[in-house]
Amino acid sequence: MKNWRKHLGIILPLLAVAALALWPTLTDSISNRESAFTILKAIALASSLNILLGYTGYVSFGHIVFYGFGGYVGLYFLNEQGWSIWASLLVAGLSSGILAFLLGKAILRLRGAYFALATIGVNEAVKAFINNFDLFGGPIGMTLNFKVYKEYGGAAEALSMAFYIMAGLALAAIVLSYLVRVSKFGLGLLAIRENEDAAEVMGVVAPDAKTWAYVLSAIIPGMVGVLFFFKNGNVEPHGAFPLHASIELLVMVMLGGQGTVLGPILGAFAYQGMRGYLVTSDFFKDIQLSVSGAILLIIVLFIPAGAVGWLRHRFEPLRRILP
Amino acid sequence: MTPLLSVTGVTKRFGGLQALTDVTFDLPEGQIMGLIGPNGAGKTTLFNCINGVYAPEFGSVHFHGEDVTGSKTYNMAKRGLARTHQIVQPLEELTVRENVIAGACFGREGHSLGSAYDIAEEVLEFVRLDAKADELAASLNVAQKKRLEMARALAARPYLLLLDEVLAGLNPSEIAGMVEIVKKIRDRGITIIMIEHVMKAVMNVSDRMIVLDYGQQIAEGTPEEIANNPQVIEAYLGDPELAKKLMGED
């Protein structure tokens with residue numbers, strides 16, 4: 001690794017996630033593990049959203065739909081069909097990817113606010129569909145048969161395993177985000193973000209590139225969904241498609257710096273840290289989401305590039321090492 | 001030999017406005033064609049019909065003998081057509097180099113990032129932007145942004161280059177520099193159509209010219225023929241004395 005400096009943009013985030021994954025084991029604390037799980041989940045989701053929001057410039061307000069949909073499909077196969085967690089993760093990612101592909105063909109022609117509105121509509125429509133879909137338990141949802149945990153050595157073992165899989169998903173999301181960022185495909189996405197018409201004139205096949213960006217941003221959220229429902233032991237429509245979680249993801253990506261690899265990771269850390277403080281504080285615990293809204297407003301008004309974006313602007317050498 | 005580009009009877013309407021009426025011309029390889037006409041004559045619309053931004057209502061566009069009427073812009077780019085915009089459209093938050101690399105990556109030859117990097121180096125030197133390579137495109141001034149558009153189009157290694165007012169807004173020494181660049185591009189074997197208002201410059205570099213007025217093609221010929229065409233002088237240049245002045249013959 002002679003050129004390690006050149007790869008700092010990927011080494012730093014990977015080290016951060018590795019440290020986070022080891023922290024609960026080293027401190028041997030279940031409560032640390034719960035905190036770390038939440039942060040890793042946020043990193044995986046925010047890094048995935050960043051492919052669409054940060055690189056391609058398309059604001060998805062309903063990105064949580066892929067988490068809910070993939071999670072539902074995965075849990076169905078895990079619970080009702082007796083598939084292993086690994087096969088369920090695969091089918092969850094795949095089904096979210098396919099959903100994104102089909103949606104992309106339909107709504108990625110819309111730009112700006114129209115696309116953002118359509119994504120909210122999609123989230124609500126899928127929620128309504130699941131709510132009426134008897135195979136997935138309709139409004140009651142599905143409860144995990146606890147025999148499933150036995151296959152993985154009991155509940156404690158299964159939850160510990162879920163934690164390490166989540167760390168793996170967070171790593172995968174970061175690596176995917178990095179590979180997209182430094183690839184020719186990613187350059188096409190950035191061109192679309194900057195000026196879609198000019199990008200097409202230059203030869204970027206925007207409809208295809210946008211669709212694949214959407215698909216890539218949907219796969220890992222689907223896997224995160226099934227893992228979370230597996231750990232949680234149940235799923236119901238309201239909990240699977242929370243619109244406010246979509247907005248929290250936007251805050252994380254914007255806070256850390258959209259369009260950078262490190263940004264969403266920092267944003268996820270900072271946001272979850274702050275949220276942890278707010279929900280336990282007497283004063284803020286009921287207005288926690290309003291604080292998130294205020295933060296989003298401040299970022300959009302004053303530092304639209306987010307923390308990492310701001311640093312990149314201020315210190316030119318950082319542009320080369322923080323993609 | 002089939003001409004590189006054949007435009008046949010191209011007609012385009014916007015609501016009640018007849019933007020282009022029955023425009024027809026052939027463009028042989030290796031030439032520079034000047035496209036002139038007053039504001040609103042339909043010059044940029046003609047570019048848009050050629051490179052696929054608009055599909056013409058009637059008529060056809062053939063490129064390398066193939067019918068490409070109504071093709072998407074990105075398909076035209078892959079076929080070897082590149083253009084610059086009258087209102088510059090740099091990818092502002094990317095560096096100058098990244099802009100040009102994107103041109104090479106997604107243009108006709110579809111280079112990988114590595115080989116596109118080398119092409120960008122060469123093209124940026126050619127348009128004399130190499131000193132600005134690592135700055136954000138947003139930080140360039142207008143003249144530099146026009147050269148960036150040119151560099152991005154050239155990096156695509158096109159067969160045909162459409163230049164939309166690359167001289168507008170430049171000072172005389174910048175114009176001279178740009179004209180040199182245009183001639184050098186032609187010498188590399190790239191065919192060019194240029195829309196221009198700076199009459200002396202466009203007459204100087206064009207092999208042939210077309211004049212549009214209210215979407216009608218009112219004249220076609222060598223720069224001399226155009227300059228002496230009474231209809232052009234009447235409809236476009238206003239009065240013959242002014243025409244002579246613009247030609248620099250006074």
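What percentage of the 323 residues of chain A count as buried? The share is 50%. The model is predicted.

**Chain A: overall form**

Chain A holds 16 helices and two strands. Its C-alpha trace spans about 55 × 45 × 45 Å along the principal axes. A compact globule of 323 residues would have a radius of gyration near 20 Å, and the 19 Å of chain A agrees with that. Among contacts in chain A with a separation of 6 or more, 76% join residues 24 or more positions apart.

Helix 4 of chain A covers residues 85–107. From first C-alpha to last, its 23 residues reach 32 Å, close to the 33 Å expected at 1.5 Å a residue. Buried residues of this helix include A:Ser88, A:Leu89, A:Val91, A:Ala92 and A:Gly93. Also among them are A:Ser96, A:Gly97, A:Leu99 and A:Ala100. The buried residues of helix 4 of chain A pack against helix 3 (64–79), helix 5 (112–131) and helix 10 of chain A.

Why does A:Ala218 count as buried? It has 30 C-beta neighbours inside 10 Å, and the cut-off for a buried residue is 20 or more. Leaving aside residues up to four places away in sequence, A:Ala218 touches A:Phe66, A:Ser96, A:Gly97, A:Leu99 and A:Ala100. A:Ala218 and A:Ile64 are 154 residues apart in sequence, yet their C-alpha atoms are 9.0 Å apart in space.

**Chain B: strands**

| Pair in chain B | Sense | Bridges |
|---|---|---|
| Strand 1 (residues 5–14) and strand 4 (residues 58–63) | antiparallel | five bridges |
| Strand 4 and strand 5 (residues 66–67) | antiparallel | two bridges |

B:Phe63 takes part in both. B:Leu5 stands opposite B:Phe63 of strand 4 of chain B. In strand 5 of chain B, B:Glu66 is the bridge partner of B:Phe63. Strands 4 and 5 of chain B form a hairpin with two residues between the strands. There B:His64 takes a positive phi near 55 degrees.

**Chain B: two domains**

Chain B is divided into domain 1 (1–80 + 159–250) and domain 2 (82–157). The C-alpha centres of domain 1 and domain 2 of chain B lie 23 Å apart. Across the boundary, 18 residues of domain 1 of chain B are in contact with 16 residues of domain 2 of chain B. On the domain 1 side, the elements giving two or more residues are helix 1 (43–51), helix 2, strand 7 (160–164) and helix 6 (172–187) of chain B. Strand 7 of chain B gives the most to that side, with four residues. By class, the domain 1 side has nine nonpolar, four polar and five charged residues.

**Where the chains meet**

The contact between the chains takes 22 residues from chain B and 14 residues from chain A. On the chain B side, helix 2 (73–79) and helix 3 (96–106) of chain B are the elements that give two or more residues. Helix 3 of chain B supplies the largest share of that side, six residues. The side of chain B that touches chain A divides into 10 nonpolar, six polar and six charged residues.

Conventions
Residues numbered from 1 in each chain as written. Chains lettered and ligands numbered in written order. Predicted model: local features only at pLDDT ≥ 70, side-chain atom pairs only at ≥ 80, totals over all residues. Pairing = 2+ DSSP bridges. Contact = placed C-beta atoms within 7 Å. Nonpolar A, V, L, I, M, F, W, Y, C, P; charged D, E, K, R; others polar. Rg over C-alpha atoms; globule rule 2.2 N^0.38 Å. Buried ≥ 20, exposed ≤ 12 C-beta atoms within 10 Å, placed from the backbone. Expected span 1.5 Å × (residues − 1). Domains from an automatic or database assignment.
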